[in-house]
Amino acid sequence: MPSLPSWERPPSDVAAAVRTIKSAIRARIEASGRSIDEIFGVVADLVSVRAGEIRAANGAAGTAWPVLDYADIAAGTVSAESYSLLRRRGCLVVRGHFDREQALNWDRQIVDYVDSNDFFETYRGPGDDFFGTVGSKPEIYPIYWSHAQMQARQSERMANVQTFLNSLWHHTSEGTEWFEPDRNVLYPDRIRRRPEGATSKGLGAHIDAGTFDLWMKAEYQQAFRHVFDGSIEQFDPWSAAHRTSGSQYPSTTMTSVFRTFQGWTALSDMDHDQGVLQAIPIPEAIAYLLLRPLLGDVADDDMCGMIPGQVFPVTERWHAPLLEALSGSPDIGAGDSVWWHGDMPHAVAPVIDQQGWGNVMYIPAAPWCPRNEDYAAAALAALTSGASPSDFPDEHYEQSWPNRFQTDELNHYGRQSLGLD
Ligand SMILES: [Fe+2]
């Protein structure tokens with residue numbers, strides 16, 4: 001079978017590299033005896049069946065999103081039916097992940113933290129144009145090191161849910177343990193705060209997992225080998241094989257770590273019609289996104305509107321059948337958490353005159369593996385100096401803030417997840 005060229009660093013001539021990789025993948029698929037249209041058709045049929053199922057679930061039960069109680073995760077009493085629905089949908093809400101009063105307290109602490117350091121008087125606006133491809137300016141702030149965020153990140157309750165989520169993935173294959181499901185990396189991310197009365201366009205649909213690198217880096221070509229070699233029926237979106245070493249192409253905003261699930265913890269109540277998170281709850285959607293630019297109606301040098309340095313957009317023009325499955329989360333209470341498979345397309349719904357606040361802390365599930373261990377060292381260095389973590393723009397608001405979280409306040413989970421124990 002023809003091999004694929006790869007670029008370990010971003011190509012200097014992106015358009016030329018896109019032309020080269022697209023024709024190489026097409027040739028590889030055709031060498032299997034199948035056409036690109038046939039392979040894409042397999043995925044498109046699956047998407048169509050799932051979208052119908054998801055729309056029906058959104059109508060009948062009110063939501064296609066699986067919902068679990070934290071108590072069942074902690075006690076290990078999640079049913080086999082719940083597991084299979086989780087694997088089918090790739091997203092979930094964890095009710096009562098944290099005590100409601102705890103979450104509301106954290107929300108107040110974050111306000112005190114940023115107010116005491118005059119953050120909103122000095123905030124210079126977004127540090128990059130990462131969401132330019134989806135035409136959005138999300139209300140996401142570059143705050144990483146509050147006590148509230150660190151307490152949540154290093155809590156036993158967070159570790160329990162992360163370990164549960166990791167276990168939905170297949171972490172061992174080909175004689176390799178790709179990651180350790182019961183040990184997690186502390187991944188510092190930002191906060192979103194959307195005030196009462198806010199009118200927001202939300203955030204257009206996108207994926208976080210990567211951009212051009214998903215087609216162009218050798219490691220991703222291995223991870224998605226069944227998408228690119230004509231054996232699409234064997235593609236398993238829950239396989240961690242070849243996902244846990246290597247890295248993304250650098251960008252001002254990126255995801256150096258392998259995340260089994262991206263997620264956030266709610267610090268306020270958010271009803272389902274108040275600009276909530278939306279997901280396309282089809283874990284196989286990534287195969288659709290990777291194959292779509294190879295079809296004949298996309299220009300040879302175009303990856304369906306992707307722009308270097310910006311997020312991977314999921315759009316009506318190129319991905320309409322996927323967007324038919326876009327499903328908003330149910331009502332979320334303070335202390336609940338919301339999770340979606342790390343490759344899954346997601347968006348934030350627009351809202352007009354929002355009722356109540358819409359505040360969250362982003363905390364993903366990133367299990368221990370070579371790739372994440374590397375980043376843990378970078379995260380520890382950023383914590384120590386109060387810098388913005390290296391996956392995010394160089395904004396560094398907190399370096400001079402006296403009341404940020406300090407390294408000597410790490411507990412066992414915090415130390416373990418930063419590689420100190
Ligand atoms: Fe995202």
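**Reading a helix, a sheet and a buried histidine**

Strand 3 and strand 7 (residues 191–194) run antiparallel and are joined by 2 bridges.

Student: What kind of model is this, and how are residues numbered?

Tutor: This is a predicted model: local features need pLDDT of at least 70, side-chain atom pairs count only at pLDDT 80 or more, and totals for chains, interfaces and linings use all residues. Residues are numbered from 1 along each chain as its sequence is written.

Student: What counts as a strand or a helix, and when do two strands pair?

Tutor: Helices (H or I, at least four residues) and strands (E, at least two) are DSSP runs, numbered from the N terminus. Two strands pair if DSSP finds at least two bridges between them. Across from Arg192 in strand 7 stands Ile140.

Student: In what order do the strands of the open sheet lie?

Tutor: The order is 1-2-13-9-15-7-3, 7 strands with mixed pairing. Strand 1 (67–69) and strand 3 (140–141) are at the edges with a single partner strand each, so one side of each has no neighbour in the sheet. Strand 7 and strand 15 pair in the antiparallel sense over 4 bridges, and Arg193 has Asn359 in strand 15 as its bridge partner. Strand 15 (residues 358–362) also pairs with strand 9 (residues 261–266), antiparallel over 3 bridges; there, Val360 is the bridge partner of Ala266.

Student: Which residues of helix 1 are buried?

Tutor: A residue is buried if 20 or more other C-beta atoms lie within 10 Å of its own, exposed if 12 or fewer, and partly exposed in between, with C-beta atoms placed from the backbone. In helix 1, the buried residues are Val18, Ile21, Lys22, Ile25 and Ile29. They line one face of the helix, because seen down its axis they fall within an arc of 105° (the arc of the directions from the helix axis to the C-beta atoms). An α-helix has 3.6 residues a turn, so residues three or four places apart point the same way. Ala16, Ser23 and Ala31 are exposed on the other side of helix 1.

Student: Where does His97 lie, and is His97 buried or exposed?

Tutor: His97 is in the loop between strand 2 (91–95) and helix 5 (100–116). His97 is buried, because 28 other C-beta atoms lie within 10 Å. Two residues are in contact if their C-beta atoms, placed from the backbone, lie within 7 Å. Leaving out residues up to four places away in sequence, His97 touches residues including Tyr70, Arg157 and Asp336.
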